[in-house]
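Subject: The structure we talked about

Hello,

Here is the structure I promised you. Have a look at it on screen first, and then read my notes below with the model open beside them.

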Amino acid sequence: MYGSELDLKLASTDRTVRFTTALRKSAINKGIVRFNDETACYVKRASIALVDGTGEYDLESAAIITGEDYLRPAAVRPSLAITTTATGDVRYLEGDDFPQVWEDALNQHESGWRAQGAATPNGWYLRRATGSEYVGLEPAPDIPSTETWALLFPYVASPPTLSSDSEVAFSGRLALVPYHDAVVAYAAAQLEELRKNYQMVDRRLAEFAARCVTYRRDQAPLAGSRIRLGRNPR
């Protein structure tokens, strides 16, 4: 992407004077990060091993999210996987059986909820403190000795930085290849500032924004002919 594709956007094959190879690569990596920030396209799922009686887990801890690439929660809600140790059978709590709850609502309607005894969680919540983010279970889990519990937590991850010519953006995921032009457009906008061509900066940023909109549209659920309630009223 930093080569021929940027040549077309910049109308220049310069790699040694103004648009050096190092600057081109840096701009491409910035484009990858920005596209992910705008679209939340690079999603992973962490399997957080739950500890009996422990209700909160630091999402930025290396012991929780391997690789320390956590950015923020994904749009998909987490699930609670309960595995029977002897047989390996797994059952799940998710959806309406495992909803998101909020600290403020718990404080108002369930006074003393932090001190209640461990049990099967009724839901999960997020808590932010001093720049860190925690996922919590309400109440804390009461895990039988015959089972292991894990929280399957989808999150937006920081995409890998490209360093060699053989690497592909977003770990080479094929579903994201059609949107690599957005990364190139953003990189071109950054490099156009070096020659103070602000008209082209705005044009390339507009191209980038349009591709972000296209990605979000493409990821929207397919429209159906039926409408149903999001929650069963009964």
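Let's start with helix H4, which is mostly covered: 11 of its 13 residues are buried. Please keep in mind throughout that this is a predicted model. Which residues of H4 are buried? They are His180, Ala182, Val183, Val184, Ala185, Tyr186, Ala187, Ala188, Ala189, Leu191 and Glu192. The cover over these buried residues includes helix H1 (4-10), helix H2 (21-39) and H5.

While you look at a helix, here is a handy rule: an α-helix has 3.6 residues a turn, so residues three or four places apart point the same way.

Next, the aromatic rings. How many aromatic pairs does a search of the whole structure find? It finds 10. One of them is formed by Tyr179 and Tyr215, an edge-to-face pair with 5.0 Å centre to centre and 85 degrees between the planes. This pair links distant parts of the chain: Tyr179 is in the loop between strand S8 (147-157) and helix H4 (180-192), while Tyr215 is in helix H5 (residues 198-219), 36 residues apart. Are these two tyrosines, Tyr179 and Tyr215, buried or exposed? Both are buried.

Tyr179 and Tyr215 also belong to a cluster linked by ring pairs, together with Phe35, Tyr42, Phe170, Tyr186 and Phe208.

Thr130 lies in the loop between strand S6 (123-129) and S7. Its relative accessible area is 82%, so Thr130 is exposed, the limit being over 50%.

- Glu138 and Pro139 are joined by a cis peptide bond, with omega at about -5 degrees. Pro139 lies in the loop between strand S7 (132-138) and S8.
- Arg127 lies over the face of Tyr134, at 4.6 Å from the ring centre.

Finally, zoom out to the whole chain. It has five helices and eight strands, and from the N terminus on the elements run α-α-β-β-β-β-β-α-β-β-β-α-α. Its C-alpha atoms fill a box of roughly 65 × 45 × 40 Å along the principal axes. The radius of gyration is 23 Å, whereas a compact globule of 234 residues would have one near 17 Å.

Buried residues make up 38% of the 234 residues. The accessible surface comes to about 13,800 Å², and 50% of that belongs to carbon and sulfur atoms. Of the contacts with a separation of 6 or more, 67% are between residues 24 or more positions apart.

Enjoy exploring, and write back with any questions!

Best wishes

Definitions and conventions. Residues numbered from 1 in each chain as written. Predicted model: local features only at pLDDT ≥ 70, side-chain atom pairs only at ≥ 80, totals over all residues. Heavy atoms only, no water. Phe/Tyr/Trp six-rings, centres within 6.5 Å; stacked < 30°, edge-to-face > 60°. Helix = DSSP H or I, 4+ residues; strand = E, 2+ residues; numbered from the N terminus. Buried < 20%, exposed > 50% of the residue type's maximum accessible area, 1.4 Å probe, protein only. Lys NZ or Arg CZ within 6 Å of the ring centre and 35° of its normal. Rg over C-alpha atoms; globule rule 2.2 N^0.38 Å. Contact = heavy atoms within 4.5 Å. Areas by Shrake-Rupley, 256 points an atom, 1.4 Å probe, with all protein chains shown as cover.
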